[in-house]
Amino acid sequence: MSAENNIESVLNENRSFAPPATFSEAANISSEEQYQQLWQHAKDDPAGFWGEMAENLTWFQRPESIMDGEMPNTKWFTGGKINVSYNCLDRHLETDRRNKAALIWEGEPGDTRVLRYQDLHREVCRFANVLKDMGVETGDRVTLYMPMIPELTIAMLACARIGAIHSIIFGGFSAEAVADRNNDAQARVVVTADGGWRRGKEIPLKAAVDASLDKSPTVEKVVVVRRTGGDVDMVPDRDFWWHDLMDGASADCDAVQLDSEHPLFILYTSGSTGKPKGVLHTSAGYLLGTTMTSKWVFDLKEEDTYWCTADIGWITGHSYICYGPLSNGASVVMYEGAPNWPDEGRFWEIVEKYQVSIFYTAPTAIRAFIKWGNQWPEKYDLSSLRLLGTVGEPINPEAWMWYHEVIGQQRCPIVDTWWQTETGGIMISPLPGVTPTKPGSCAKPLPGVVPDIVSEAGVSLDVNQGGLLVMKQPWPHMLRTLYGDHDRFIETYFSTIEDCYFAGDGARRDEDGYIWVMGRVDDVINVSGHRLSTMEVESSLVAHEKVAEAAVVGFPHEIKGEGICCFVTLKDDDGTDDLKAELTRHVRQQIGALATPDQIRFGASLPKTRSGKIMRRLLRDIAAGRESTQDTTTLEDFSVLAKLREDED
Ligand code: WTA
């Protein structure tokens, strides 16, 4: 790709916020020198560095070698024996943590449960015995299709304890999606619940499992947690109540000593085409990555109350509700339901009630909070917060500023963490005690992460040139394969740029070495030969006081090649032609004539995946006036689409 084919960056953000001195003094990584030294050590001698870090885990047998082989087939900690569940539970029982809250859980209706480390350990041991009694063996696959209840964490750790591989399917997926994933993983057992609560309604889960089972021949048994009390059909000899099985189960269950590379879980992530990809993570490397990044990025301390609002059905929940924080012996808040139930203050009520000190959420949630208004967070005491985080997509600078001012009250560092299902853990992020933050930038690579920004020919680009974000060195928590399809694994991640991992994002690096992720490279529009990142136009729109959220896509344009179409949701519903003209002027003024929107369409909401990502591909079809060929099984709310189509002039 020639220089002029790189992605042009038009976002100009100069604000910068240094970490408060009191935060830095107490931080797990507390100075730029310390960060530099760790990063350089990891780059020059990755085996030496990760070997040292591995001392943070408890091994049954220490590894003989740290890393073997080149990316993408690097093996980590060969010869080592370890158990992830042991590291998240048993090792804490020998310390004062045995009486510490591991899980502080709140259901949507307001019911609560607290499990101390010894309680969680007991329940995990019992459920591990239940699985064993059902004939589940090391290496077998178990599907977990559950609401956000403690039994989900218990089931994950029980699988890990006996070396069964869990495959968690987010509770919003359909029976069809469950069947596909059961089949791809050849799952033997499904653990589910009668249902879960969401916005006051029961989301039925067991009924979807029933519907999936006709098409999932490998599944032999189903375990059902009673959560909502809703009606379910129980098929004799196939379906069992969780509480019946647990009643008779012993709380004595040794953690199996597993090889470092023993698979821990499969997590399906949608590809741009074709069937979902079964991202496979293994034991020691993944555990080490999530343990260390939790310590570094969330600065976890013994007294913290940590809350990640993700659903465990996504990688963020796997790595930063369950494995990372529990391996560190943290107290983890887990909430079952919606942020606006019974009202829009629910999250802030939870922060106040449990004195949450670390809060980790997604930009899409932050934009919703802004839309709902400051009166909600202002009703509650948020002074317990000391650190905020975001993940999932680029955060628009204006949303960042709101988070900083209204939630963080200018006191809390914000860690904008870039990573992916495939990377297993956080890769690029500010260190909260070290890195001055710039709104919209995920800042710098963590120790052990060696990124570059390159052209399509693989040539490193200069400062402020947008290109492809790649990883040049393997890291312990990277995916090992796509389950059952190693060729697709190589093709998807390692064939674009030689000797590098590439998973689809565009980025630039500024003069201070800060990385600015510009979104998926498929989200680039080519306007009159200039390749623009749609995310930057979106950020400009969101910076307008009337705009709540925006998604920008290209559409075929006779003259410019591609035109700019903006789908906009407003804070108050007053989408007039005058406002369209005003927004057009606003973007033109902020970014330049090049980025002048050709179309602005107002809608009540945007089509999103169930994990909150805007489905731009779908919007591209609408903008071009095409019928959509896109797989919409992950779409959260179909009515949104119909409404946007109606708005076509
Ligand atoms: C995007 C979520 C900008 C990115 C952990 C990535 C981000 C994809 C950020 C992975 C961030 C995630 N800034 N973009 N801080 N975090 N992304 O697999 O496009 O659900 O490739 O993993 O989300 O999404 P996934």
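At what angle do the axes of helix H2 and helix H3 cross? I started my notebook with this one, keeping in mind that the model is predicted.

**Entry 1: H2 and H3**

I looked up H2 (residues 32-44) and H3 (residues 46-53) and found that their axes cross at roughly 120° and come within 5 Å. Angles of 65 to 115 degrees would count as roughly perpendicular and those over 145 as roughly antiparallel, and the two helices are therefore oblique to each other. Next I listed who meets whom: Leu38, His41, Ala42, Lys43 and Asp44 come from H2, while Pro46, Gly48, Phe49, Glu52 and Met53 come from H3.

**Entry 2: the E2-E3 hairpin**

I moved on to strand E2 (residues 65-68) and strand E3 (residues 75-78), which pair in the antiparallel sense over three bridges. In that pairing I found Met67 opposite Trp76 in E3. The two strands form a hairpin with six residues between them. In the turn, Gly69 has a positive phi of about 90°. The loop between E2 and E3 also holds Pro72, and the peptide bond from Met71 to Pro72 is cis, with omega near 5°.

I kept one reminder at hand: most peptide bonds are trans, and most residues other than glycine have a negative phi. I noted a cis peptide bond between Trp341 and Pro342, with omega of about -5°. I placed Pro342 in the loop between strand E18 (331-335) and helix H12 (346-354).

Then I checked phi values. Arg199 has a positive phi near 50° and sits in the loop between strand E10 (195-198) and E11. Ala443 has a positive phi near 70° and lies in the loop between strand E21 (414-416) and strand E22 (451-454). Is each of them buried or exposed? Arg199 is partly exposed, at a relative accessible area of 37%, whereas Ala443 is buried, at 1%.

**Entry 3: the open sheet**

I traced an open sheet of eight strands in the order E13-E12-E9-E7-E8-E15-E16-E24, and its pairing is mixed. E13 and strand E24 (481-482) stand at the edges with a single partner strand each, so one side of each has no neighbour in the sheet. I picked out E9 and E12, which pair in the parallel sense over five bridges. There, Thr192 stands opposite Val224 in E12.

**Entry 4: helix H8**

How many of the eight residues of H8 (residues 206-213) are buried? I found six, so this helix is largely enclosed by the rest of the structure. The buried ones are Lys206, Ala208, Val209, Asp210, Ser212 and Leu213. I also looked up what covers them, and the cover includes strands E7 (141-145), E9 (189-193), E11 (201-204), E12 (221-225) and E13 (239-241), along with helix H7 (175-185).

**Entry 5: Asp304**

My last stop was Asp304, in the loop between helix H10 (283-297) and strand E17 (305-308). Asp304 has a relative accessible area of 3%, so this residue is buried, the cut-off being under 20%. Which side chain does the side chain of Asp304 make a polar contact with? I found Ser357, at 2.7 Å. Setting aside neighbours within four places in sequence, I listed Asp299, Ser331, Ser357, Ile358 and Arg386 as the residues in contact with Asp304.

Definitions and conventions
Residues are numbered from 1 along each chain as its sequence is written. This is a predicted model: local features need pLDDT of at least 70, side-chain atom pairs count only at pLDDT 80 or more; totals for chains, interfaces and linings use all residues. Side-chain values use heavy atoms; hydrogens and water are left out. Helices (H or I, at least four residues) and strands (E, at least two) are DSSP runs, numbered from the N terminus. Buried means under 20% relative accessible area, exposed over 50%, partly exposed in between (1.4 Å probe, protein chains only). A polar contact is a pair of N or O atoms within 3.5 Å; within protein, one must be able to donate a hydrogen and the other to accept it, and residues adjacent in sequence count only if both atoms are side-chain atoms. Contact means heavy atoms within 4.5 Å. Two strands pair if DSSP finds at least two bridges between them. Axes are lines fitted to C-alpha atoms, for helices over the stretch in contact, and angles run from 0 to 180 degrees between N-to-C directions. Angles under 35 degrees count as roughly parallel, over 145 as roughly antiparallel, 65 to 115 as roughly perpendicular and the rest as oblique.
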